[in-house]
Amino acid sequence: MFNNIGRKIKSLVKVLFVVSCIGAGILVCLCVAFTFQYKIPEVALFGLLIAAAIVFFSWIGSFVLYGFGDLVENSDITQYYTKKIYDELHEEPNETTHNTGSHSSSMSNFRQQALGVNHTCWTCKNCKEDNPNTSVFCQNCGDHK
C-alpha cells in the first residue's frame with residue numbers, strides 16, 4: 001500500500017484538481033440556470049466568483065501537495081542511494097578483492113571521495129593499490145612503502 005507513495009500522492013493531486021474543476025463547472029452551470037429561471041443576475045456573478053475561487057485555490061493547493069509528493073518520492077530515492085553507499089563503505093573485503101586488487105583499489109578511492117579525504121596517496125609497486133600517505137604498508141597486499 002505504501003510502495004511508491006510519492007507517485008500516488010502526485011496522482012491523487014491531479015485527480016483532485018480535475019474533480020474540483022469539474023465541480024466548479026457544475027456550480028457555474030447551476031448558477032446560470034438559476035439565473036435564467038428566476039431572473040436574478042447576481043446569482044450568476046456570485047457563482048462565477050465562487051467557481052473561480054475554487055479553481056484558483058485548488059490550483060494553488062495542488063502545487064503544494066504535488067511538491068510534497070515529489071519530496072517524498074525524492075527522499076525515497078535518496079534513502080536508497082544513501083543505503084547503497086553506506087553498504088559499499090562498510091562492506092568487508094573478501095578474498096577475491098585482495099587477490100585481484102582492482103575492486104579494492106576502486107573501493108579505496110570511492111571511500112576516500114565519499115568520506116571527503118583529501119590527502120596525497122602513494123601507489124604500491126607490488127599490487128598498484130592507492131594508499132594514503134600516512135600508511136607505511138600497503139592496505140591491499142601489506143608490502144612496504
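**Exercise 1. State how confident this predicted model is, and where its confidence is lowest and highest.**

Solution. Next, go to the elements. Helix H1 (residues 5–38) has the highest confidence, with a mean of 92, while helix H3 (residues 95–100) has the lowest, at 46. Over residues 95–103 the pLDDT is below 50, and this stretch has eight contacts beyond near neighbours in sequence. Where pLDDT is low, predicted coordinates should not be read in detail.

**Exercise 2. Give the order of helices and strands along the chain.**

Solution. Count the elements: the chain has four helices and two strands. Then read along the sequence, which gives α-α-α-α-β-β.

**Exercise 3. Find the salt bridges and say which residues form a network.**

Solution. The count is three.

Step 1. Lys10 and Asp70 meet at 3.4 Å, N to O. Lys10 is in helix H1 and Asp70 in helix H2 (residues 41–89), 60 residues apart.

Step 2. Glu73 and Lys10 meet at 2.6 Å, N to O. Glu73 lies in helix H2 and Lys10 in helix H1, so this pair ties together parts 63 residues apart in sequence.

Step 3. Asp87 and Lys83 meet at 2.9 Å, N to O. They are four residues apart in helix H2, and therefore separated by about one helical turn.

Step 4. Look for shared partners: Lys10, Asp70 and Glu73 are joined into one network.

**Exercise 4. Is Lys10 buried or exposed, and what about Lys83?**

Solution. Buried means under 20% relative accessible area, exposed over 50%. Lys10 has 12%, so Lys10 is buried. Lys83 has 51%, so Lys83 is exposed.

Terms used
Residues numbered from 1 in each chain as written. Predicted model: local features only at pLDDT ≥ 70, side-chain atom pairs only at ≥ 80, totals over all residues. Heavy atoms only, no water. pLDDT = per-residue confidence, 0-100. Contact = heavy atoms within 4.5 Å. Salt bridge = Lys/Arg side-chain N within 4 Å of Asp/Glu carboxyl O. Buried < 20%, exposed > 50% of the residue type's maximum accessible area, 1.4 Å probe, protein only.
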